Amino acid sequence: MQAIELRQTHRRRKGRKSRRGLTLIEILVVVTILGIIAGIVGIAVVGQLSEARRDSAQVQIKQISDALELYKVKVKKFPSTSEGLQALTNPPGGRKPIMDTIPDDPFGNPYIYVYPGTQNQGGFDLSSKGEDGVAGTEDDITNWGK
């Protein structure tokens, strides 16, 4: 009886020893699955990042537009195209600046300011070149409707 128990115990131990580690194939399967998951998540994040930049540009255009409206109240006119957005940081007549700095758009390009506007009659045009960095393309973000 004891001999049978010893053999069974020996077999269990021997079975455990051979099953202790992961095989190379198991490791490769896990790494492949993790790579697929990372790829899917990465694609989703990149799409969200692009959308967040567009949203940020729209918010900045609204803030700059509000600052330009305040400039008009104080100075009685919008800055000319040649004065540009820098008139908000350095207004004429020693007035207090309306903005400390003029930010670049989230894509790293300066905003385009035109007064008098060609799209906004009687107002100004303010736009970002968008992700492609080329003005006049479909990805531009503007203060007028498309």
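I take helices (H or I, at least four residues) and strands (E, at least two) as DSSP runs, numbered from the N terminus. I note that this is a predicted model, in which local features need pLDDT of at least 70 and side-chain atom pairs count only at pLDDT 80 or more, while totals for chains, interfaces and linings use all residues. Residues are numbered from 1 along each chain as its sequence is written, and side-chain values use heavy atoms, with hydrogens and water left out.

**Entry 1. Overall content**

I looked up the secondary structure and found 2 helices and 3 strands. Read from the N terminus, the elements follow the order α-α-β-β-β. For burial I used relative accessible area: buried is under 20%, exposed over 50%, and partly exposed in between (1.4 Å probe, protein chains only). Of the 146 residues in the chain, 25% are buried.

**Entry 2. The sheet**

I counted two strands as paired if DSSP finds at least two bridges between them. The 3 strands form an open, antiparallel sheet in the order β1-β2-β3. Its edge strands, β1 (112-114) and β3 (141-142), each pair on one side only. I then examined β1 against β2 (residues 125-128), which are joined in the antiparallel sense by 3 bridges. Val-114 has Asp-125 of β2 as its bridge partner.

I placed Asn-143 in the segment after β3. Asn-143 is partly exposed, because its relative accessible area is 23%. Between the C-alpha atoms of Asn-143 and Asp-125 I recorded 6.5 Å, although these residues are 18 apart along the chain.

**Entry 3. Backbone exceptions**

As background, most residues other than glycine have a negative phi, and most peptide bonds are trans. I found a cis peptide bond between Tyr-115 and Pro-116, with omega about 0°. Pro-116 belongs to the loop between β1 and β2. I also noted a positive phi, near 75°, at Lys-76, a residue other than glycine. Lys-76 sits in the loop between α2 and β1.

**Entry 4. Salt bridges**

My criterion was a side-chain nitrogen of Lys or Arg within 4 Å of a carboxyl oxygen of Asp or Glu. One joins the side chains of Asp-66 and Lys-62 at 2.8 Å, N to O. Both residues lie in helix α2, 4 residues apart, about one turn of the helix. Asp-66 is partly exposed because its relative accessible area is 39%, whereas Lys-62 is exposed at 51%.

Glu-83 pairs with Lys-77 in a salt bridge, with 3.4 Å between the closest N and O atoms. Glu-83 is partly exposed at 35% relative accessibility, and Lys-77 is partly exposed at 38%.

**Entry 5. Surface patches**

I built patches from residues with over 30% relative accessible area and no salt bridge, joining like charges within 9 Å and nonpolar side chains (Val, Leu, Ile, Met, Phe, Trp, Tyr) within 5 Å. Accessible areas come from the Shrake-Rupley method with a 1.4 Å probe; for residues, only the protein chains shown count as cover. Lys and Arg count as positive and Asp and Glu as negative, with His and the chain ends not counted. The place of a charge is NZ of Lys, CZ of Arg, CG of Asp or CD of Glu.

Which residues gather in a patch of positive charge on the surface? I listed Lys-74, Lys-76, Arg-95 and Lys-96. Lys-76 counts as exposed because its relative accessibility is 66%. Arg-95, located in the loop between α2 (24-75) and β1, is partly exposed at 39%.

I also found a nonpolar surface patch of about 740 Å², whose members include Ile-25, Ile-33 and Val-45. Ile-33 belongs to helix α2 and is partly exposed at 45% relative accessibility.
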